[in-house]
Amino acid sequence: MLTTFPKQSEFEKAVRLLDAMGLPCEVISPEPAYALVGVPALDIDVKTRRAFAGEFGDIVCSGWVDCVRPAVGVPDRSPPVFDEDIFGYARIMVLGSCSTDEGRIRVIAHISGDLTDVFPYMNARVKDASYNVRGSTFTFMDGYRIISAYPRRICVAKADEIVDAWRVLENVRLMANRVWGGRAEIEPSYELRAKPPAVEIYRRLPGINCRCCGEPSCLAFAVKVHGGAMDVRHCHPVFGGDYGHMQNNLLEICEGTGRSPGSDF
Ligand code: SF4
């Protein structure tokens, strides 16, 4: 099983404890290329985690997922630094399995900078992005991965594994800083130019067609939410029932469509 940490000090505490207990672990490091967007991850087997569990209470980790071996390693180069750094550094606060894509992971990283001012410039540059000016969110795709950027946090859904998640975060860092550095040459755009298709909302609904929302099926509900005719919170199983774990993913994709609760329907 794999975990990472919101702080380097928590990772170091965990390693010291495992060492003291004589328990094995493997470290997967974001260094050098992704050092600014991650803290090392630990891969430990289930037996070790069980032995470790009681002692783990004092250590803050970001979550646990099944460990998938990275297909591509961390590049052997230092991360570029920027004179005007609008991103800062990122730390993964939440690590979990992707509820819509078994085997993939989802992370939420907090950043030390603030992306609010760069969003209109990124919106002018990134194809097929969705910019919600009111909610200050910027959503775009990296292959099949969905990236939702907020002023001080980045959510990545459907990353392959931890190294892939770091790669995506580093790309966001590079893009934000390069666009910010070149902003004198870019006309900022405040347009909502594109939005994820309704099927992306549908894929994040329970799919049980219970009709609690008043629609005959989850698909019909997704189409209405996508078109702005319904508030996503009318899905009772997710916002009050047994499917509460799907809330975050659903809200994130709705932010990308500009149809988040509280947005201008
Ligand atoms: S309430 Fe939710 S789960 Fe039930 S049909 Fe509507 S969208 Fe689907």
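The following paragraphs lead through the fold of this chain, from its overall form to individual residues.

The structure is a predicted model, in which local features need pLDDT of at least 70, side-chain atom pairs count only at pLDDT 80 or more, and totals for chains, interfaces and linings use all residues. Residues are numbered from 1 along each chain as its sequence is written.

The chain contains 7 helices and 10 strands; these are DSSP runs numbered from the N terminus, with helices (H or I) of at least four residues and strands (E) of at least two. Its radius of gyration is 20 Å, close to the 18 Å that the globule rule gives for 265 residues, so the chain is as compact as a globular protein of that length. The radius is taken over C-alpha atoms, and the rule is 2.2 Å times the number of residues to the power 0.38. Along the principal axes, the C-alpha atoms fill a box of roughly 60 × 50 × 30 Å. Of the 265 residues, 38% count as buried. A residue is buried if 20 or more other C-beta atoms lie within 10 Å of its own, exposed if 12 or fewer, and partly exposed in between, with C-beta atoms placed from the backbone.

The chain is divided into domain 1 (1-194) and domain 2 (198-257), with bounds from an automatic or database domain assignment. The C-alpha centres of the two domains lie 26 Å apart, and their contact takes 11 residues from domain 1 and 10 residues from domain 2. Residues are in contact if their C-beta atoms, placed from the backbone, lie within 7 Å. On the side of domain 1 that touches domain 2, the elements giving two or more residues are β7, β8, β9 and β10.

These strands belong to an open, antiparallel sheet of 6 strands in the order β5-β6-β10-β9-β8-β7. Strands pair if DSSP finds at least two bridges between them. The edge strands, β5 (90-97) and β7 (130-132), each pair on one side only, and the twist averages 15° from one strand to the next. Within the sheet, β9 (residues 145-150) and β10 (residues 153-159) pair in the antiparallel sense over 5 bridges; Ala149 has Ile154 in β10 as its bridge partner.

Helix α4 (residues 162-181) lies across β5, β6 (105-111), β8 (137-142), β9 and β10, running at about 140° to β10. Such angles run from 0 to 180 degrees between N-to-C directions, with axes fitted to C-alpha atoms, for helices over the stretch in contact.

The largest nonpolar core has 65 residues, of which Ile154, Val156 and Leu169 touch the most other members. A nonpolar core is a set of buried Ala, Val, Leu, Ile, Met, Phe, Trp, Tyr and Cys residues joined through C-beta atoms within 7 Å. Helix α4 gives the most to this core, with 10 residues. Domain 1 and domain 2 both give residues to this core, so it lies between them. Among the residues that Val156 touches, beyond those up to four places away in sequence, are Val107, Ile147 and Leu169.

A cis peptide bond joins Glu31 and Pro32, with omega about 0°; Pro32 lies in the loop between β2 (26-28) and β3 (41-43). Lys158 is not a glycine, yet has a positive phi of about 70°. Lys158 is placed in strand β10 and is buried, with 22 other C-beta atoms within 10 Å. Asn209 also has a positive phi, near 50°, but is partly exposed, with 14 other C-beta atoms within 10 Å.

Terms used. Contact = placed C-beta atoms within 7 Å.
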